[in-house]
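User: I am new to this structure and would like to learn how to read a few of its features. Can we take them one at a time?

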Amino acid sequence: MTTEHLIETLSRDVPRVSRYALVKRVALGVAAGGLVAMILVSLALGVRPDLKIAMHGFPFWMKWTYTTSLGIGAIYAITRLGRPTPFSLRNLWLLAIPALILTGIGVGELARTPSGDWLALWLGRSWTLCPWLVLALAAPIFAGLLWSFRRLAPTNFRAAGAVSGLGAGAWAATIYCLHCPEESAIFVLTWYSLGILLAAGAGALLGPRLLRW
């Protein structure tokens, strides 16, 4: 039997898979985990009472743009790392763009604020809680991504785990915006990012154990 005949025989009854199947599965995992995180925010933390008013202001959309940009970038990387094909992590440099833009906004914010108020602007009212709440809300989203990976074939388990944690943290921070009243760019850049990085670190540690196939 020739190699071509063997391949034809093995692939004869294999059903066609949609080219978007991987993206849909990852999106479903994120959506399911995000729904759980949203319920947790609603029941345990509470949605900020002035949400409708806040949604008309720049700070709210500044936070959402930052976190969703990281989340979308992480989803793209997850769909690439979920395949048994090479993917250079150097492509993740694009994730630095939202952080650089937010840094610019933060510098402008500091320039308009008296130096005596900089510490209050940086720490806000919830800096001790923010990173840990983002990390906790990332857990169900990370679990949803683990479910997604049951049908995927990653080869770099640590990188896939880290990027999954990054994505889970970014989407968790997006949902956390529904509760968080902080409006300073420098606060978001520091404490939101710390929570997202903690989730990425946890993903890097758990990836080699949980993503094997």
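This is a predicted model: local features need pLDDT of at least 70, side-chain atom pairs count only at pLDDT 80 or more; totals for chains, interfaces and linings use all residues.

User: Is C130 buried or exposed, and what about C180?

Analyst: Buried means under 20% relative accessible area. C130 is buried, with a value of 0%. C180 is also buried, at 0%.

User: Which residues is Y192 in contact with, leaving aside its neighbours within four places in sequence?

Analyst: Both cysteines are among them: Y192 is in contact with C130 and C180, and also with K63, T67, A173, Y176, C177 and F187.

User: How many residues does the largest nonpolar core have?

Analyst: That core has 53 residues, and V26 and Y192 are those with the most contacts inside it. Two or more residues each come from α2 (21-45), α4 (58-81), α7 (130-149), α8 (157-176) and α9 (185-210). The most come from α8, which gives 11 residues.

User: Which residues form a nonpolar patch on the surface?

Analyst: W93, L94, I97 and I101 do, with about 420 Å² of accessible area together. W93 is found in the loop between α4 and α5 (96-111).

User: Why does W93 count as exposed?

Analyst: Exposed means over 50% relative accessible area. W93 counts as exposed because its relative accessibility is 56%.

Notes:
Residues are numbered from 1 along each chain as its sequence is written. Side-chain values use heavy atoms; hydrogens and water are left out. A nonpolar core is a set of buried Ala, Val, Leu, Ile, Met, Phe, Trp, Tyr and Cys residues joined through side-chain atoms within 4.5 Å. Buried means under 20% relative accessible area, exposed over 50%, partly exposed in between (1.4 Å probe, protein chains only). Helices (H or I, at least four residues) and strands (E, at least two) are DSSP runs, numbered from the N terminus. Contact means heavy atoms within 4.5 Å. Patches are made of residues with over 30% relative accessible area and no salt bridge: like charges are joined within 9 Å, nonpolar side chains (Val, Leu, Ile, Met, Phe, Trp, Tyr) within 5 Å. Accessible areas come from the Shrake-Rupley method with a 1.4 Å probe; for residues, only the protein chains shown count as cover. A salt bridge is a side-chain nitrogen of Lys or Arg within 4 Å of a carboxyl oxygen of Asp or Glu.
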